[in-house]
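I opened this entry to keep track of what I looked up in the structure, one topic at a time.

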Amino acid sequence: MDIIRARLIYNPTSGREEAKRKLGPILQRLERGGVETSCHATEGKGDATQAAKEAAERGFDMVISAGGDGTLNEVVNGLSACETRPALGILPLGTTNDFARAHGIPRKWEKACDLITRRYTKPVDVGQANDRYFINIAGGGSLTELTYEVPSKLKTMVGQLAYYMKGLEKITRLHPTRMHIRAEGYGEFDEEFMLFLIANSNSVAGFDRLAPNASTNDGVFDVLALRKCSLAEFIRLATIVLRGEEITDDPHVIHFQTNRVEVNSDDRVQLNVDGEFGGTLPCTFNLLPAHLNIIMDEHGESTYSKHGAGRALQL
Ligand SMILES: Nc1ncnc2c1ncn2[C@@H]1O[C@H](COP(=O)(O)OP(=O)(O)OP(=O)(O)O)[C@@H](O)[C@H]1O
């Protein structure tokens, strides 16, 4: 068995602190599977980005992100900026693990370790929003501005949507903003929007039908923009999303696929990038095709079209 070198970047505070509690057994299991692993415990915001960048520069064969979507997003940001990018393994030990769930990466640490030691990688598209990277979703609009006010685990915009729909709090503060959206190969829109979403993955906070065609390996984003509408219309559409049904054909929704979108506004519009604050407009969203090789189940995702089949990690 070939031995490979991996750097495990774990957030000791994620979820129920499982990465910290199970660290010994995790390292042992990886080692038994030929993945010789050293580790870095993150100390706060941004640390995982720096640690991933250093691991790539030090020539590790693989970086393993252990934690939730927040840690994964930081690791993706560190790796995506590098010329030579190690394979990425995921131990989904956080409170929210949207990406892992959508890509069939097991929640149990034993099974996730076994998947990593099988070393089967698939190329995955990465989104770039100005100088930040994302693998699930980015967006902007008044709904995303409310996101940061809520001390909730539901950090993505759609998660917030569910939150507001349950409580109907603050929903009256939703307001349209005039934005200019220019999409490569599609066209331009200059009108008032409630919000826009740039989806790279089809599973956003569990709403699999929100962008049903979005896939992390098709070379395009699914863009959804909600036109100015009344509160009643907004609630009607949000209810459809919460029921797990599609809204892409609704006349209030603009939906298209592209690999580059520019969004601009004269007003201050905050961006949400994979659940985190991502600065303000203007923003250019660029898709980086097959930018990262992520360890997945060979039979995990079925829509493996544009970049061909996955492969065993070549070392
Ligand atoms: N030692 C640390 N103490 C506190 N926060 C940290 C530490 N290390 C990393 N973080 C921050 O914790 C955030 C959340 O991490 P992560 O998504 O892995 O866990 P989670 O349990 O799913 O998240 P959340 O607590 O937001 O639900 C990350 O964005 C990261 O910046």
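My notes below cover a helix pair, the ligand shell and a set of paired strands.

I note at the outset that this is a predicted model.

**Helix pair.** I looked up how helix 3 (residues 47-57) sits against helix 4 (residues 69-80), and found that the two pack at an angle of about 40 degrees, with their axes 7 Å apart. Helix 3 and helix 4 are therefore oblique to each other, and helix 3 passes helix 4 in a right-handed crossing. For the contact I listed Ala48, Thr49, Gln50, Ala51, Ala52, Lys53 and Ala56 from helix 3, which meet Thr71, Glu74, Val75, Asn77, Gly78 and Leu79 from helix 4. Sorted by class, this contact has six nonpolar, five polar and two charged residues.

**Ligand shell.** I then turned to the ligand, which has 21 residues around it, with Gly67, Gly68, Gly70, Thr71 and Gly94 coming nearest. Helix 4 contributes four residues, the largest share of this shell. I also sorted the shell by class and noted one nonpolar, 13 polar and seven charged residues.

**Paired strands.** Which strands pair with strand 13? I found that strand 7 (residues 137-141) runs antiparallel to strand 13 (residues 270-273) and is joined to it by three bridges, with Gly139 having Asn272 as its bridge partner in strand 13. Strand 13 also pairs with strand 14 (residues 276-280), again in the antiparallel sense and over three bridges, and here Gln270 stands opposite Thr280 of strand 14. I recorded strand 13 and strand 14 as a hairpin with two residues between them, where Asp274 in the turn has a positive phi of about 50 degrees.

Note on methods
Residues are numbered from 1 along each chain as its sequence is written. This is a predicted model: local features need pLDDT of at least 70, side-chain atom pairs count only at pLDDT 80 or more; totals for chains, interfaces and linings use all residues. Axes are lines fitted to C-alpha atoms, for helices over the stretch in contact, and angles run from 0 to 180 degrees between N-to-C directions. Angles under 35 degrees count as roughly parallel, over 145 as roughly antiparallel, 65 to 115 as roughly perpendicular and the rest as oblique. A crossing is left-handed if the near helix is turned anticlockwise from the far one by less than a right angle, and right-handed if clockwise. Two residues are in contact if their C-beta atoms, placed from the backbone, lie within 7 Å. Ala, Val, Leu, Ile, Met, Phe, Trp, Tyr, Cys and Pro count as nonpolar, Asp, Glu, Lys and Arg as charged, and the others, Gly among them, as polar. A residue is near a molecule or strand if its C-beta atom, placed from the backbone, lies within 6 Å of it. Two strands pair if DSSP finds at least two bridges between them.
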